[in-house]
Amino acid sequence: MRSETRAIRTSELVDEARGLFAAQFRLALVAGQDDERGLRVVYTFLAPREQPVELHVALNPATRRSVSLAALSFPASRFERELFDLYGIEPEGHPQRRPLIRHAHWPEGYHPMAAGAGPAPTLHPDEGGFPFIAVEGPGVYEIPVGPVHAGLIEPGHFRFSVVGETILKMKARLWFTHKGIERLVEGKTVEDVMAIAERVSGDSAVAHGLAYARAIEDALELVVAPGVEARRAVALELERLYNHVGDLGALANDVGFGLANARALTLRERLLRLNERVSGHRLLRGVVTPGDARLLDLPTPRELDEIGARVDEITSMTLAQSIVLDRFTGTGVLSLDAARDLGVVGVVGRASGVDLDARGDHPVDGVTLAPMVLRSSGDVLARYMVRRDEVTSSLAILRSFTSSGGGHLAVMSGSGVGLGIVEGWRGPVIHRVELVDGRVARLKIVDPSFLNWPAVAIALVDTIVPDFPLVNKSFNLSYAGNDL
Amino acid sequence: MNLASLLVGAVQLALVVLGGPLLLGLMRVVRSRLEGRVGPPVSQPWRDIAKLARKQRTRPSESSWIFAVAPLVLVATAATVAVLAPLVTLAPPLASSTDFIAVIFVLLVGSVALALAALDTATAFGGMGASRALTIGALVEPALLVAVLALSMPLHSTNLIAIVANGSRHASTLLGPSHLLALCSFIVVILAESGRLPVDNPSTHLELTMIYEALILEYSGPDLAAVTLGESMRLAIWLGLFVNLVAPVGIAATAHPLALVVGLVALTLKVVVVGIVVAIFEVTTAKLRLFRLPELLAGGFILAVLGVVTGAVMR
């Protein structure tokens, strides 16, 4: 889909943004760019079934000042902190422009995406530390957890201020996984970047790969052949299936119901093997290419029925257990108001009643749409139920496809700007690419985790400490996709 | 205390020390199989202990002698009870003075030592675990004491040997409502004291949900080996006491070698059965919300009180 582009001055930014927010647009992506064509920022706004709108703001590279949209949008305030850390762009009027991505290991004044930032510097010891707001009062104490955790999970530090067992405040310090992906891809060919895009977040290979491929097609104004989007949808739904099934088991496991988890893990392994048969790769890498999608095989209707039956078995076994239901219900509530204020998207948003699903909001031709799964209670149970029901709708989508095949990688050349939007299993994955002569000049990636992480802390207020792992698992956000 | 009773005590101790980790291993295997997994071999806890015993010991720099001594206290208290309690035989050392309440408190010394050691580490997890463990302990102990009271009413004695011997001699007392209610309360106590589901999940990796595991996070090497051994001995003792209060079948009335062998086999079989039952129960249940635990434990307390009341009424 082509975006509507408006080049505006800094002084017009707030009014333009206000108008778009009033028209029910959300700020989906903010990308900085600093090269021979100057310092500029692109704000991408999305609304269901509307053409995307891009605001292009050119900045003075000497002063590096912009205007903050923090008063209008919470996600904007985070994008602006990211912009400062990566480019040194100062958002005037930002209420709390603390470091976001930047750790104190980075040298003072180092902005890796700024023009002439040079190669990665040597990192210093973390001398500045990371001051947490101390909650004071009788009986208040702090529990620091991580960044290294038991179990195979990604790094994140959590600081709980607790009285008794009740969480008063939780601050997360993430951003331990900065890999410099957006710098890495600059100047590479479309094909080389395809492989990198699939590896942004290991569990979302299709979502990120497809968002990138669509962005490329958008930039080069390619129209894909009939059937290509259908094959892509198969891969996308298979990815949703294996991740949701894993989560359904993991949520049961976190309340000590290991039986359901053992069943879910068995099923997940079957799904991974199905992925391998269908795509040649257990995590579905290599299916999507710009302009095409390749499938070796399709899941048979009988297989899909059996997977559906197994999922029913696991979820009904879990929900029939009264202790599990008690642990899920009313735990870690994220209200609809809070979710909207924070700009929460994806599974977490739909569990709170945020009716956004990029599959329906930004449809592609040739793909059957499933009705959006929506819940309103915003607790762990709602997030569990959204996953359960999305498994059912994914299976329905998969049943509607009957052809495999495809698979030539056209050599891409040309220039242009494109946007790719994909509803991955976590939520909308968005890639915005600028191509110059067949090479990637700039790739900005927004994983839903970037928008959803702040909601974890909000949902935790007045939750008890032993329920944190459960709440965190019910969000199941990516650390790698969050921190590029 | 004569030589024979000392020998009997040694036999009981050997059984508990050797059998405790195997019991733990058995329960894990049962859980694994029921969940459709192969699971580790029954001997895995022993292999872990052997491996840990060879490894380097690290202790938090701020910790004091309490941290160093606590694993030994845990093992020593469990060993003391293993020698003195009526597990294999009714004729262990010091039989006439083996008070039920004393046995409970000796075991309690071990729990408190671990909780103090956890506080001694000065880590947030240690303090959190100690707070949770002692909160549960404070709710469990009253239930346990009242259950003991119900069990001791027919004899007007809290001598543990006498209570078990009475059940062994007069099987009808085992079916008395007072006795049964007290044992129901005892089940809740055992699940809580040994950190099993639905109270605590012994197989979790989630630090923040832990109760008893949080106490021992800082232990390593031989210290952790001792803690693992001590915990598994306590599990074996709790289950051993329970089966002998429920059905003292086969327990050796004297220190005669043949009777001892019968007692040994009987106890092992009974504990294995109960261990399997507990493991099956664990598979079918989940972990209660921490703030729901007082309800479960209060239920245990009420059962014990009812045991006392029915015992008093029916006399």
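**A buried residue, then helices**

Analyst: Happy to! A:Ile430 is buried, because 28 other C-beta atoms lie within 10 Å, and a count of 20 or more is what makes a residue buried. Keep in mind that this is a predicted model.

User: What separates the C-alpha atoms of A:Ile430 and A:Ser11?

Analyst: Their C-alpha atoms are separated by 27 Å, while along the chain the two residues are 419 residues apart.

User: Let's switch to helices. At what angle do H6 and H13 of chain A pack?

Analyst: Helix H6 (residues 228-254) and helix H13 (residues 380-399) of chain A pack at about 150 degrees, and their axes are 9 Å apart. H6(A) and H13(A) are therefore roughly antiparallel, since angles over 145 degrees count that way. Their crossing is left-handed.

User: Which residues meet there?

Analyst: From H6(A), they include A:Glu237, A:Arg240, A:Leu241 and A:His244. From H13(A), they include A:Tyr384, A:Arg387, A:Arg388 and A:Glu390. By class, the contact of H6(A) with H13(A) has 10 nonpolar, 2 polar and 6 charged residues.

User: Now chain B. How far apart are the axes of H5 and H12 of chain B?

Analyst: The axes of helix H5 (residues 124-152) and helix H12 (residues 293-313) of chain B are 8 Å apart, and the angle is about 15 degrees. That makes H5(B) roughly parallel to H12(B), because the angle falls under 35 degrees. H5(B) passes H12(B) in a left-handed crossing.

User: Who makes that contact, and how many are charged?

Analyst: H5(B) brings residues including B:Ile136, B:Leu139, B:Val140 and B:Pro142, while B:Leu297, B:Gly300 and B:Phe301 are among those from H12(B). The contact of H5(B) with H12(B) has 16 nonpolar residues, 3 polar and no charged.

User: And H4 of chain B, how does that one cross H5(B)?

Analyst: Helix H4 (residues 100-120) of chain B crosses H5(B) at roughly 175 degrees, and their axes come within 10 Å. H4(B) and H5(B) are therefore roughly antiparallel to each other. Among the residues in contact are B:Phe100, B:Ile101 and B:Ile104 of H4(B) and B:Gly126, B:Gly127 and B:Gly129 of H5(B). The contact of H4(B) with H5(B) divides into 12 nonpolar, 6 polar and no charged residues.

User: I also noticed H10 of chain B. What should its 26 residues span?

Analyst: Helix H10 of chain B, residues 221-246, should span 38 Å at 1.5 Å a residue. The C-alpha atoms at its ends are 38 Å apart, which agrees.

User: Is H10(B) mostly covered or mostly open?

Analyst: Mostly covered: 22 of the 26 residues of H10(B) are buried.

User: Last topic: how many residues does each chain give to the contact between A and B?

Analyst: Chain A supplies 26 residues and chain B supplies 24. On chain A, strand E7 (140-145) and helices H7 (258-279), H9 (322-328) and H15 (468-475) each supply at least two residues of the side touching chain B. H7(A) gives the most, with 5 residues. That side of chain A has 15 nonpolar, 5 polar and 6 charged residues.

User: Thanks, that helps a lot!

Technical notes
Residues numbered from 1 in each chain as written. Chains lettered and ligands numbered in written order. Predicted model: local features only at pLDDT ≥ 70, side-chain atom pairs only at ≥ 80, totals over all residues. Contact = placed C-beta atoms within 7 Å. Helix = DSSP H or I, 4+ residues; strand = E, 2+ residues; numbered from the N terminus. Nonpolar A, V, L, I, M, F, W, Y, C, P; charged D, E, K, R; others polar. Axes fitted to C-alpha atoms, helices over the stretch in contact; angles between N-to-C directions. Parallel < 35°, antiparallel > 145°, perpendicular 65-115°, else oblique. Left-handed = near helix turned anticlockwise from the far one by under 90°. Expected span 1.5 Å × (residues − 1). Buried ≥ 20, exposed ≤ 12 C-beta atoms within 10 Å, placed from the backbone.
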